[in-house]
Amino acid sequence: MTNNQKPHEVTRQIMVGDVPVGGGAPVAVQSMLNATADDVAANLAQIEALAEAGCEIVRMAIPRRDCLDAFEAVCAASPLPVVADIHFDARIAIEAARRGAAKLRINPGNIGGLEATREVIAAAREAGIPIRIGVNAGSLDDAIAARQDLTLPEKLVESARQYVEFFESECAFHDIAVSAKAHDVQTTIDTYRLLAAELPSVPLHIGVTEAGTAFQGIIKSACGLGVLLEEGIGDTMRISLTDDPVVEVRACWTLLGSLNLRRRTPELISCPTCGRCQVNLIGLAQEVEERLANVSKPVKVAVMGCVVNGPGEAADADIGVACGAGAGVVFSHGKIVRKVSEADIVPALMEELENL
């Protein structure tokens, strides 16, 4: 890696279905299905909603062998590549590879040991799919977890390093990605910084695991992943929330857009309101935000409470409104387009947005 290159530019590229991960490819957005694992229709409906929101890779848990038929049916009909998430049972991972998985996600420490992992690797090799080695703070190998000479980030990295060495040196299998997740933000940052240094050629899937419900989880994820992404660490990402997976995807795109890494959806610019405001700005901004959720243009939309924070401070907005007493002026790139009543602000904004 040269001085001008960032970590994600020098990782080895793998393919998850038709989505490139690593090697300088754009950071891929992932989410995980939470419909019942044996309900094909429910999972496909969720995949359709995720695809519409901009998700590029979906992960599906296979908790039991009797869910494999449903998994196969989902893979066959899904518009997105489906990653099989397997714990504790190597036979499920082997079957998932044979039944259409675009990638396997396993933790070698709980899949049955390294010998069982050899069979999983052989199945992935035969299917031509990659494997994500997923290490979690809550499920470290006992021997590593017991070491007092290592910090938690160092334990996570050591565990991942040992598995990567086994995959690459023992099994000559290089089609891998690595994740090493914790629920603590600083642990996440420290761990992935070490991973990027220790395993520079391996694509990294980044995320703060078990981050919480939307309010807390988005803040924690933005703090941890924002730091890493700004440093060029991370080839694919998930913002893990106790919420609708579509919210995860929207949060990912908002974070990537805020860092100017990838833009797919509108950015809403709105002022925090003050005593000068003479309209229900909070309600207006929330209504605009809801309407923008279905828009896939990477534009800036401003909803400003008064002329002080109007066309001047939001001059770079593609479209916006500055509100007055029961009315507002719609503007584009700082130039006034028209004046409308308060009741017509949202329809006017959406109409002008469609004309861009």
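What follows is a short chat about a predicted model of one protein chain.

Colleague: What should I know before reading numbers off this?
Modeller: It is a predicted model, so local features need pLDDT of at least 70 and side-chain atom pairs count only at pLDDT 80 or more, while totals for chains, interfaces and linings use all residues. Residues are numbered from 1 along each chain as its sequence is written, and side-chain values use heavy atoms, with hydrogens and water left out.

Colleague: How many helices and strands are there in the chain?
Modeller: The protein chain has twelve helices and 15 strands. These are DSSP runs numbered from the N terminus: helices are H or I with at least four residues, strands are E with at least two.

Colleague: And what share of the residues is buried?
Modeller: Of the 356 residues in the protein chain, 53% are buried. Buried means under 20% relative accessible area, exposed over 50%, and partly exposed in between, with a 1.4 Å probe and protein chains only.

Colleague: Which residues does the binding site annotation cover?
Modeller: The unreviewed UniProt entry lists Cys271, Cys274, Cys306 and Glu313 under "binding site". Such annotations may be inferred rather than shown by experiment; the positions are given in the numbering used here, and feature names are shortened.

Colleague: Take Cys274. Where is it found?
Modeller: Cys274 sits in the loop between strand 11 (267-270) and helix 11 (281-292). Its relative accessible area is 37%, so Cys274 is partly exposed.

Colleague: Cys306, then: buried or exposed?
Modeller: Cys306 counts as buried because its relative accessibility is 8%. Cys306 lies in the loop between strand 12 (300-304) and strand 13 (319-323).

Colleague: What does Cys306 touch?
Modeller: Leaving out residues up to four places away in sequence, Cys306 touches Arg276, Ala322 and Cys323. A contact means heavy atoms within 4.5 Å.

Colleague: Changing topic. How many aromatic pairs are there?
Modeller: The count comes to two aromatic pairs. Rings of Phe, Tyr and Trp (its six-membered ring) pair if their centres lie within 6.5 Å; planes under 30 degrees apart are stacked, over 60 edge-to-face, and the rest tilted.

Colleague: Why is the pair of Phe166 and Phe167 edge-to-face?
Modeller: Because the planes of the Phe166 and Phe167 rings are at 80 degrees, with the centres 6.2 Å apart. Both Phe166 and Phe167 are buried.

Colleague: Which residues do the ring pairs link into a cluster?
Modeller: The cluster is made of Phe166, Phe167 and Phe173.
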